[in-house]
Amino acid sequence: MATASQHRIRKRALKVAHFAGLFLAMSIICLPGLWVVLNSFRPTVEIMAKPPVWIPESLSLDHYRAMFGGAGEGGVPVLTYFRNSLIISVTSTVIALLVGMAGGYAFARYRFKGKGVMFVALMASRAVPGVALSLPLFIIFGRTGIIDTHFGLILVYVAMNVPFTIWLIDGFFRQVPKELAEAAEIDGCTRWQAFWRVEFPVARSGIASAGIFAFLTSWNEYALASQLTRSATSKTMPVGLLDFTSQFTLNWGGMCALAVLMIIPALVLTFLVQKHLIAGLTFGGVKG
Amino acid sequence: MTRNRLPPWLVLLLPAVIIILAVVAIPLVLSLYSSFTPYHLTRPDTLWKWTGSFNYIKAATDPNFWKAFGRTVLLLTIALNAEMLLGLGLALMVSKVTHGQRALRTAMMFPMMFSPILVGFQFKFIFNDNVGLVNNALQSLGLTDVAIPWLVDGNLAMFAIIFAEVWTSTSVFAILILAGLFALPQDPLEAAKVDGCTPWQSFRFVTLPFLMPFIYIAMAIRSLDVARAYDIVQVMTNGGPARRTELLWTLIGRTGYVDARMGYANAMGYIAILLSIGFTVYFFLKLQTARRELGMGD
């Protein structure tokens, strides 16, 4: 009896600790973001107030109005930047996923000479940071005339995302037992059919998460975009964010408003892909 | 059909290889060449003057370079380990949740949606000594009267940067480890339970080895990605105060763009790239070992 109640107490204590830990972690994760969202609705006076105003007295859409209206806050063409960002990120993610799926499949399923070296070489290409890559790219893009175009930035982002998409997708294809695809081939599928009917559905969760990563990387990239875009025809939002600060002394409220605008599409996309993620993950795992 | 066909793996890999050659390899050759010249942005003709290893010797004897180098390694070590441990803890906690797990998982990915530029601004705001959230909270709670100079003191600034870095990227680990936890086969866990393992033992000897490949994948991705600390540091402290938070990349960026000494910047860049490649190869080898232990083959 004594051990049973002890057991129960321990279980309850664990539950409380679990909840407390989760609550703490989640608040650290969410608070800075919520702080940004909250401040995008607050007038500048309240943001700068000393002693701090904890409970907002007045919320307004002033920063948003100024941002879209173009008046007051310098007429930054936010909507154009938004469209540029969207076109560039979506296109480069789709291409990177297709290229990455082909490459990941090759690494997971075929044996060939120099595989290890090739894999490391691909990954090493990621080690080159945007800062170091931007100058030679700037010169080459200038010569070929693709600087300040959507195409140029899409090209760069595909190259940035491919190694890492291959890496993730390779890992997920490895989780799918070879026997599964082989069985399908014995049953009369071609390798192509076996891939789409058997391996792709199982690895779909991995592909979805690779897609999220690729999209977020393109959406948020700054170091290269700041050098390879010059004008409103191709400037993306992270570069546009700096437009705000160069024309004004740090305008926290306006920046927060643009930040919220940057986060919304990312949030929506994550929600959409999560369904896939869960469907793939609850497939029941891979029992060999 | 007697046509000589390429092996299928090559056909599958070709698009990836071509695009990486075009966007990464060729520019890198160009910048490798320029690292042996005194190339100056404003004087294009200096690109044709060969000075051999002059830039490399200059970097190797520059104390500022070595300080930035050491700081980058320190940042990598602290940030990666903290992110790994916190990510593992977070993934385990989230995987135990039965209701509202989906919402939690989405909230968990929240920091990843932030552009590093944005994270920099956000934490510059939060750690601001005058109007920042941290100081406001500490003062309102009566824990301190003075405004703590978070971004002005060298050590505190480094802490703030590491905090920002860990805040953004812990979720990368958490998501990947969570994916691993879902793929975890249940049979060995049940067997371990039947054999009388304590929860700790079955975690240590069944779950953790299975998760290792996922952890190494996350590690390797992050060790390369930490270069994006450039954006965060650039915005938060710009390498200051007095170079106390200068990382390799901010030093290179400053030398290249502000001082326009591109040749020298590229030489330092190459040393830094070798460092990153070292990390990648290390985690790649670890990944191979972990996979082999799990019997996932080559």
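Modeller: Gladly. Helices (H or I, at least four residues) and strands (E, at least two) are DSSP runs, numbered from the N terminus. Chain A has 12 helices and zero strands, and chain B likewise has 12 helices and zero strands. This is a predicted model, where local features need pLDDT of at least 70, side-chain atom pairs count only at pLDDT 80 or more, and totals for chains, interfaces and linings use all residues. Residues are numbered from 1 along each chain as its sequence is written, while chains are lettered from A and ligands numbered from 1 in the order in which they are written.

Biologist: What makes Asp148(A) count as partly exposed?

Modeller: A residue is buried if 20 or more other C-beta atoms, placed from the backbone, lie within 10 Å of its own, exposed if 12 or fewer, and partly exposed in between. Asp148(A) has 17 C-beta neighbours inside 10 Å, so it is partly exposed. Asp148(A) sits in the loop between helix 6 (130–144) and helix 7 (150–175) of chain A. Its phi is positive, about 60 degrees, although Asp148(A) is not a glycine.

Biologist: Why are helix 8 and helix 9 of chain A called oblique to each other?

Modeller: Axes are lines fitted to C-alpha atoms, for helices over the stretch in contact, and angles run from 0 to 180 degrees between N-to-C directions. Angles under 35 degrees count as roughly parallel, over 145 as roughly antiparallel, 65 to 115 as roughly perpendicular and the rest as oblique. The axes of helix 8 (residues 178–186) and helix 9 (residues 191–220) of chain A come within 9 Å and cross at roughly 130 degrees. The two helices are therefore oblique to each other.

Biologist: Which residues make the contact between helix 8 and helix 9 of chain A?

Modeller: Two residues are in contact if their C-beta atoms, placed from the backbone, lie within 7 Å. Helix 8 of chain A brings Leu180(A), Ala181(A), Ala184(A) and Glu185(A), and helix 9 of chain A brings Arg191(A), Ala194(A), Arg197(A), Val198(A) and Glu199(A). For their classes, Ala, Val, Leu, Ile, Met, Phe, Trp, Tyr, Cys and Pro count as nonpolar, Asp, Glu, Lys and Arg as charged, and the others, Gly among them, as polar. By that rule, this contact of helix 8 with helix 9 of chain A has five nonpolar, no polar and four charged residues.

Biologist: How many residues does each chain give to the contact between chain A and chain B?

Modeller: Chain B gives 70 residues and chain A gives 72 residues. On the side of chain B that touches chain A, helix 1 (residues 8–34) of chain B gives the most, with 14 residues. That side of chain B divides into 54 nonpolar, 11 polar and five charged residues.
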